[in-house]
Amino acid sequence: MSFVRLIYASRATVEFQPSSIQSILQAARKNNNQNYITGLLCFNQRGFLQCLEGKRAEVNRTFQRILKDPRHENVEIISFQYSEKREFESWNMGYLQNNQIMRDLLMRHTGSAEFLPLTLIPEDAFAILKDIRAMMEEVAAEEA
Ligand code: FAD
């Protein structure tokens, strides 16, 4: 098995400020590119859901750094799987707006329109991440 896929959820702390988004994005882009980590980080003001894919050692090292970050707490691994192929071709980050499209998506997968990452089961977490990636790709294609 060539790759691992780690999905975790966490809760934002008071240290997670609007300016944090840019600094997380910058650090993650730089590090994840260097370490061949792909995946997606979804978040709103309250919580995070992230998938990290790559070689096992790199995913573990990245996750250990993320674990120590005071901008979030209650970090819980939802799933850790070995895989022959990556699901995500690059690394990305998306803010989850509280709009009807997002509420419908969450309702479809979890039966609740609220983003409650710490309550997710592995299948729903993975499905939500893939749907959000597809939405982001659609938006990018429309903008191109
Ligand atoms: P640097 O590049 O030196 O620092 C990274 C940046 O983060 C700097 O701008 C620094 O000022 C800033 N920073 C660090 N801690 C704080 C803080 N408490 N308050 C304000 N700014 C701060 N990193 C990854 O490499 N890949 C990821 O996929 C990734 N995902 C993340 C997901 C979440 C939910 C969170 C909260 C953080 C994530 N990070 C990720 C960031 C990670 O926790 C480390 O901050 C980062 O990896 C450190 O990078 P660096 O060693 O290159 O440090």
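Visitor: Leaving aside neighbours within four places in sequence, which residues is isoleucine 78 in contact with?

Guide: Contact means heavy atoms within 4.5 Å. On that basis isoleucine 78 touches Ile7, Tyr8, Ala9, Leu49, Pro117, Leu120, Ile121, Pro122 and Ala125, its neighbours within four places in sequence being left aside. This is a predicted model: local features need pLDDT of at least 70, side-chain atom pairs count only at pLDDT 80 or more, and totals for chains, interfaces and linings use all residues. Residues are numbered from 1 along each chain as its sequence is written, and side-chain values use heavy atoms, with hydrogens and water left out.

Visitor: How many residues does the largest nonpolar core have?

Guide: First, the term. A nonpolar core is a set of buried Ala, Val, Leu, Ile, Met, Phe, Trp, Tyr and Cys residues joined through side-chain atoms within 4.5 Å. Buried means under 20% relative accessible area, exposed over 50%, partly exposed in between (1.4 Å probe, protein chains only). Here the largest core has 19 residues. Those with the most contacts inside it are Ile7, Leu49, Ile78, Ile128, Leu129 and Ile132.

Visitor: Which elements give two or more residues to this core?

Guide: Elements are DSSP runs, numbered from the N terminus: helices are H or I of at least four residues, strands are E of at least two. The contributors are strand 1 (3-12), strand 2, strand 3, helix 3 and helix 4. Helix 4 supplies the largest share, five residues. A second, separate core has 18 residues, including Val4, Leu25, Trp91 and Met93.

Visitor: Now the charges. How many salt bridges does the count come to?

Guide: Side chains of opposite charge can pair when their charged atoms come close. The rule for a salt bridge is a side-chain nitrogen of Lys or Arg within 4 Å of a carboxyl oxygen of Asp or Glu. The count is eight. One of them joins glutamate 114 and arginine 46, N to O 2.9 Å. That pair links distant parts of the chain, 68 residues apart. Glutamate 114 is in the loop between helix 3 (100-110) and helix 4 (122-143). Arginine 46 is in the loop between strand 2 (38-43) and strand 3 (47-54).

Visitor: Which residue forms a salt bridge with arginine 108?

Guide: Aspartate 131, with the closest N and O atoms 3.0 Å apart. Arginine 108 lies in helix 3 and aspartate 131 in helix 4, so the pair ties together parts 23 residues apart in sequence. Arginine 108 is exposed, at 57% relative accessible area. Aspartate 131 is partly exposed, at 24%.

Visitor: Which residues are linked in a network of salt bridges?

Guide: Lys85, Glu87 and Arg133. Within it, lysine 85 and glutamate 87 meet at 3.9 Å, N to O.
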